[in-house]
Amino acid sequence: MVYGKILHQPEDRFINVNVGGFKQRMDHTALKRFPQTRLGRLLCCSSNEAILELCDDFSPSEMEYYFDRNPRFFCYVLNFYLTGKIHLADGLCILSFCQEIEYWGIKERHLDCCCTNRFHELMELAENKCWDQRSDELQLPSPGSSIEELSVLEDDIELFEGSRCANVRRSIWMRLENPGFSTSAKVMAVVSLSVVIVSIVAMCVHSMPDFHQVGLDENEIENPALTFFENVCVLFFSAEFILRLAVAPSARKFLSSPLNIIDLLSVMPFYVTLVRDIMSEDGNTDLGNVGKVAQILRLMRVFRILKLARHSVGLRSLGATMRHSSRDVGLLVLFLSVGISMFSALIYFVEKESEESELQNIPIGWWWATISMTTVGYGDTFPVTLAGKLIGTLCIICGLLIVALPITNIFNRFSKFYQKQRHLALKRNNN
């Protein structure tokens with residue numbers, strides 16, 4: 001049997017189509033207007049194998065073609081063959097719509113003008129969501145690399161089952177981890193936050209010359225009042241850390257948490273300095289060269305500022321954003337490095353002949369290019385020649401463009417993490 005001949009017989013000008021149980025008799029004339037569509041190509045088939053490549057099943061006796069597709073969308077396909085225009089289907093995902101029109105062989109150019117703008121808006125929105133999802137999946141998994149991993153309170157509670165003093169430890173752990181658990185938990189969170197702020201203020205005041213004191217041997221000594229506040233804050237931080245470690249459901253998981261590492265680093269300089277002072281008083285000179293190291297360790301008290309992240313949704317979201325935006329930040333550093341290297345060399349070659357200019361070597365040009373491309377502009381170093389000023393103008397413009405490229409992605413990611421963290425915090429407080 002030759003199917004092409006049957007389809008082209010004058011007395012048989014219709015074909016029967018069955019799409020998901022929806023039956024329709026269609027005229028050849030309407031199908032021949034669009035020969036590149038799937039139904040239009042059926043008219044040119046001359047074998048059973050060719051027909052089955054275009055439909056899911058075929059009944060030669062009834063001349064009926066079966067398609068296992070969405071019958072509701074096929075109504076839009078019928079309208080397309082009658083009017084030559086396709087419309088967006090109500091309630092159908094834009095990606096599913098694209099798959100359907102691709103299956104039936106209908107091109108996007110056949111969209112009616114009333115649906116064109118809406119179609120492109122939905123496609124752009126879907127592509128942005130898919131791009132965000134792919135960018136998140138490309139990030140290598142790491143501890144605490146997502147909002148969910150930043151707060152795994154529900155999973156931690158299950159670890160208490162069967163452990164020693166489970167009820168007491170769970171109760172203390174909930175009050176330390178979830179400020180919304182009870183009134184006492186809120187009080188503990190306020191006290192902890194207040195001690196952090198007092199510690200930061202004391203550290204800042206300690207750097208002011210007005211609060212420095214000189215001993216009998218004319219050596220600078222610690223201010224007694226500031227030392228007292230320092231010791232009280234460190235003892236509070238130490239007690240809090242030990243208590244949290246004692247009641248933690250998993251010590252290894254606790255010590256690997258970024259926030260807990262910050263807590264440990266904030267108190268460690270105090271004890272290292274204390275040990276050094278005690279050994280120095282005993283006449284032990286082995287640690288004489290450790291003084292400078294101890295001073296550096298004292299600078300690590302600045303980590304106490306990061307302890308605010310435990311009480312700040314914004315800081316935790318910022319940390320998650322930076323981890324997920326490593327590629328964007330890497331591209332930003334790369335672009336800036338290339339621009340700085342190029343403009344520092346250019347400014348050197350046009351300014352080196354001028355005696356008034358301070359840009360007499362490329363390393364100084366690096367500093368100038370860095371503060372220019374980042375639009376900081378301290379004003380300590382600047383070009384004086386006309387060519388140098390033109391290069392400076394170009395440097396600033398390029399810096400604006402380079403910095404602006406990845407900032408949008410980083411900001412969108414921060415907004416997403418912040419909303420998730422806020423939702424998680426509200427959910428925990430309601431529980």
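H11 passes H12 in a left-handed crossing, meaning the near helix is turned anticlockwise from the far one by less than a right angle (clockwise would be right-handed). Before going on: this is a predicted model, where local features need pLDDT of at least 70 and side-chain atom pairs count only at pLDDT 80 or more, while totals for chains, interfaces and linings use all residues. Residues are numbered from 1 along each chain as its sequence is written, and side-chain values use heavy atoms, with hydrogens and water left out.

Helices (H or I, at least four residues) and strands (E, at least two) are DSSP runs, numbered from the N terminus. The two helix pairs look like this, with axes fitted to C-alpha atoms over the stretch in contact and angles running from 0 to 180 degrees between N-to-C directions:

| Helix pair | Angle | Axis distance |
|---|---|---|
| H11 (183–206) and H12 (224–247) | about 145 degrees | 10 Å |
| H18 (326–351) and H19 | about 125 degrees | 8 Å |

The angle makes H18 oblique to H19; the cut-offs are under 35 degrees for roughly parallel, over 145 for roughly antiparallel, 65 to 115 for roughly perpendicular, and oblique for the rest. This crossing of H18 and H19 is right-handed. Residues in contact (heavy atoms within 4.5 Å) include Phe343 and Tyr348 of H18 and Trp366 and Trp368 of H19. By class, the H18 and H19 contact has eleven nonpolar, five polar and no charged residues. Here Ala, Val, Leu, Ile, Met, Phe, Trp, Tyr, Cys and Pro count as nonpolar, Asp, Glu, Lys and Arg as charged, and the others, Gly among them, as polar.

Back at the other pair, Val195 and His206 are among the H11 residues that meet H12, where the partners include Phe236 and Glu240.

Now the strands. S1 (14–19) and S2 (22–27) run antiparallel, joined by six bridges; pairing takes at least two DSSP bridges. Phenylalanine 14 sits opposite aspartate 27 in S2. The two strands form a hairpin with two residues between them, and glycine 20 in the turn has a positive phi of about 60 degrees. S1 also pairs with S4, in the parallel sense over four bridges, and valine 17 has tyrosine 65 of S4 as its bridge partner.

Which residue in the loop between S3 (57–59) and S4 (64–67) deserves a look? Methionine 63 is found there, with a positive phi near 50 degrees despite not being a glycine. Methionine 63 is buried (under 20% relative accessible area; over 50% is exposed, in between partly exposed, using a 1.4 Å probe and protein chains only), at 13%.
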